[in-house]
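Open the model in your viewer and keep the selection tool at hand. We will go stop by stop, with a short note at each.

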2 protein chains.
Amino acid sequence: MDLTSIDNGLTGKGLLFVISSVSGGGKTTVIRGLMEELGDLRISVSHTTREPRPGEVEGRDYLFIEEDPFETMVEDGLFLEWAEVYGQYYGTLNTTIDSITAEGLDVLLDIDVQGAIQVKERRKDAILIFIVTPGEDVQERRLRDRGTESDDEVSMRLGAARRELAFINEYHYSVLNDEIEDAVDTVCSIIRAERCRNRN
Amino acid sequence: MDLTSIDNGLTGKGLLFVISSVSGGGKTTVIRGLMEELGDLRISVSHTTREPRPGEVEGRDYLFIEEDPFETMVEDGLFLEWAEVYGQYYGTLNTTIDSITAEGLDVLLDIDVQGAIQVKERRKDAILIFIVTPGEDVQERRLRDRGTESDDEVSMRLGAARRELAFINEYHYSVLNDEIEDAVDTVCSIIRAERCRNRN
């Protein structure tokens, strides 16, 4: 056994967190609260081929890039994850993440489920957090309670819930966003806990 | 996939936490702070064959028991973990843990390294937390910094540190008890995080 085998985030490389939610899950508000709580957490800035929107700042909100160089970077395998959404590319460079974690800082990736799955496949040490809305939770409980006594309405909801759950199970944590402050506290707890987790 | 496969501690059975430290690690103080923070966390009460000390209350501090029935219970495999310390038996019954977790409550086991290893072998879902003193941390850093340039003094310390680390690596988390409040906060964070961890 090597003495250096204790590397629980207090020393060495920073950790990679991925946060996703269903649409309307309040993820953006949670992340804003999180950044206020944890001053040493960095948000990963994505590359995109879409035009900047009013108020968006290069390097803060996105790194804006033309389509050709983006596609070349995809071919060169430079992206940890990327996706095409409404004809525009979005992606996170490996170097973006590595430059932050190499400094010993933890980095948060705010991406959708498809991106999260790509990250999980490529970075075994990534920690995936899913923000769940109360609606889904209530729905899940209700579906559970009803059991097999389903009508068309229930089975349609069950199908939707199953598709959601199939993704949630890919995540390491699911956080209920009922009260925003509680959700922020819980995600902070996850980050603090992971920082003292023994990785060996 | 089963809808019931999401069981992150919000529903269903409670979680089993094990907490240990080196002697003088401040574990007792941390646990006291923890119980104040988390009202819904239960401490497991051990069986012992030793005599009650002044002020100790049956059922609160220990369940006091004669040697013969203790040994019979050992033979019957009723203990999740047990040990003989200075000629006296100490042990945790499986039923003690199960009766608490079946209620959906999380339970904390305050035991030494040998007990923790027994629990880890028998309960794959147990979450093991080790309280580290600043002394060890400082020692570890110093030993790391010195690298291979060791004299007799350093190699003796290295040997001691290795024996400690061999145990720490069996634990899922190691929490530095520098400031007691920080240590309590960190253990609380671990418990809150584990409560929303997806177990599938």
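Select Y86(A). Y86(A) sits in the loop between β5 (79–85) and β6 (88–93) of chain A. Its phi is near 50°, a positive value in a residue other than glycine.

A note before moving on: this is a predicted model, in which local features need pLDDT of at least 70, side-chain atom pairs count only at pLDDT 80 or more, and totals for chains, interfaces and linings use all residues. Residues are numbered from 1 along each chain as its sequence is written, while chains are lettered from A and ligands numbered from 1 in the order in which they are written.

Now select Y86(B). Which loop holds Y86(B)? The one between β5 (79–85) and β6 (88–93) of chain B. Phi of Y86(B) is near 50°, positive in a residue other than glycine. Y86(B) counts as exposed, because it has 5 C-beta neighbours inside 10 Å.

**Chain A as a whole**

Colour chain A by secondary structure. It has 7 helices and 9 strands. Helices (H or I, at least four residues) and strands (E, at least two) are DSSP runs, numbered from the N terminus. Of the 200 residues in chain A, 32% are buried. Take the contacts in chain A between residues at least 6 apart in sequence: 70% of them join residues at least 24 apart. Two residues are in contact if their C-beta atoms, placed from the backbone, lie within 7 Å.

Select A183(A), in helix α7 (residues 180–195) of chain A. Setting aside residues up to four places away in sequence, A183(A) touches V30(A), I131(A), V175(A), L176(A) and N177(A). Draw a distance from A183(A) to V30(A): 6.7 Å between C-alpha atoms, across 153 residues of sequence.

Next, show helix α1 (residues 27–37) of chain A beside α7(A). Two packed helices are described by the angle between their axes and the distance between the axes. Here the axes come within 9 Å and cross at roughly 60°. Axes are lines fitted to C-alpha atoms, for helices over the stretch in contact, and angles run from 0 to 180 degrees between N-to-C directions. So α1(A) and α7(A) are oblique to each other. Angles under 35 degrees count as roughly parallel, over 145 as roughly antiparallel, 65 to 115 as roughly perpendicular and the rest as oblique.

Select the residues that make the contact. From α1(A), take T29(A), V30(A), G33(A), L34(A) and E37(A); from α7(A), take I180(A), A183(A), V184(A), V187(A) and C188(A). By class, that is 7 nonpolar, 2 polar and 1 charged residues. Ala, Val, Leu, Ile, Met, Phe, Trp, Tyr, Cys and Pro count as nonpolar, Asp, Glu, Lys and Arg as charged, and the others, Gly among them, as polar.

**The pair in chain B**

Switch to chain B. Helix α1 (residues 27–37) and helix α7 (residues 180–195) of chain B pack at about 60°, with axes 9 Å apart. That makes α1(B) oblique to α7(B). On the α1(B) side, select T29(B), V30(B), G33(B), L34(B) and E37(B), which meet I180(B), A183(B), V184(B), V187(B) and C188(B) in α7(B).

**The core**

Show the largest nonpolar core, which has 76 residues. A nonpolar core is a set of buried Ala, Val, Leu, Ile, Met, Phe, Trp, Tyr and Cys residues joined through C-beta atoms within 7 Å. Those with the most contacts inside it include F17(A), I129(A), F17(B) and I129(B). Centre on I129(B). Beyond its neighbours within four places in sequence, I129(B) contacts residues including F17(B), Y171(B), H172(B), V187(B) and I190(B).

**Two last stops**

Select S46(B), in strand β3 (residues 46–48) of chain B. S46(B) is buried, with 22 other C-beta atoms within 10 Å. Neighbours within four places aside, S46(B) contacts Y62(B), Y90(B), G91(B) and T92(B).

Finish at T96(A), in helix α3 (residues 94–101) of chain A. T96(A) is buried, with 20 other C-beta atoms within 10 Å. Again leaving aside neighbours within four places in sequence, T96(A) is in contact with S44(A) and V45(A).

Technical notes: Buried ≥ 20, exposed ≤ 12 C-beta atoms within 10 Å, placed from the backbone.
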